[in-house]
Amino acid sequence: MSQAISQSMSEAMGPTLMTINPMINTAIKPLTLTIRGGVDKDGHPDAISEIEIAHGEIIGIVGPTGSGKSTLIADIEQFASGDTPSGRRILINGLEPAAELRSDPRKKLVAQLSQNMHFLADMSVGEFLRMHAKSRGKDPGLADKVIALANTLTGEPVNPAFQLTILSGGQSRALMVADIAVISDSPIVLIDEIENAGIKKQEALRLLSGEGKIVVVVTHDPMLALMAPRRIVMKNGSMTKVISTNEDELRIFKDVERVDSWLTALRETIRQGEVVA
């Protein structure tokens, strides 16, 4: 892979999403992710001293604008070790990660996805996926599975012959989610506000968690928040509490999910130039 293409991929997908490293030691892949509390914006200790997130779990991060959601995501992404403004510590399997996992971008265990990401590499979808699979020591034929999965997440079909640079935002993000699920070795996925990302959000989260990924999602969307078994509430930079989704909230989630499905179908009808009946 040329340096230019590698840089373009990094820019398009964030610093850790598609880092190519077939030599990642599978023995260090996390079964648990632990967040140890630090301090809020005023220097007061986090109300929550420790949160452990299990293999395959979806956990939400909620709170008003400026409450510290992005700071918490950043702490996880860089495996904070008491050296960030929050003073938090991130543990993998109960231990502080080795220094190389924090400093070497080739060994990062975190994938990130937001609604403002696009591909910059000048190649076709099929070429890119086959190259990515080969670079990770996997079957290039997985490219077909990735595309098939991506097409279940977006109403705009992705064709392997399409150039990456012409993909819409929804197509790009659907492809990224499917690639993370099938090809990427990253066992932790950070999702930052994909409410308007042009993909089927709940299906994307179920796909990733079903592959055993730890999924941390920052959201203002009530459906995504209630879909997570637990959610961390942020305020003034502090982890103030952890709420477990209860039976009443699950019933509300089902109602919200039905409304969201109806709105998704309505949007597609309008996009296709059809008359709403």
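## Helix pair H5 and H6

The model described here is predicted. In this model, helix H5 spans residues 142-153 and helix H6 spans residues 169-182; their axes come within 8 Å and cross at roughly 130 degrees. H5 and H6 are therefore oblique to each other. The crossing of H5 past H6 is right-handed.

On the H5 side, the contact is made by Leu 142, Lys 145, Val 146, Leu 149, Ala 150 and Leu 153. H6 contributes Ala 174, Leu 175, Val 177, Ala 178, Asp 179 and Val 182. Sorted by class, the contact of H5 with H6 has ten nonpolar residues, two charged residues and no polar ones.

Strand S8 covers residues 230-235, and five of its six residues are buried, so S8 is largely enclosed by the rest of the structure.

S8 pairs with strand S3 (residues 58-62) in the parallel sense, over four bridges. Within this pairing, Ile 232 of S8 is the bridge partner of Ile 61.

S8 also pairs with strand S9 (residues 238-244), here in the antiparallel sense and over six bridges. Ser 238 in S9 is the bridge partner of Lys 235. The hairpin of S8 and S9 has two residues between the strands, and Asn 236 in this hairpin takes a positive phi near 55 degrees.

Key: Residues numbered from 1 in each chain as written. Predicted model: local features only at pLDDT ≥ 70, side-chain atom pairs only at ≥ 80, totals over all residues. Heavy atoms only, no water. Axes fitted to C-alpha atoms, helices over the stretch in contact; angles between N-to-C directions. Parallel < 35°, antiparallel > 145°, perpendicular 65-115°, else oblique. Left-handed = near helix turned anticlockwise from the far one by under 90°. Contact = heavy atoms within 4.5 Å. Nonpolar A, V, L, I, M, F, W, Y, C, P; charged D, E, K, R; others polar. Buried < 20%, exposed > 50% of the residue type's maximum accessible area, 1.4 Å probe, protein only. Pairing = 2+ DSSP bridges.
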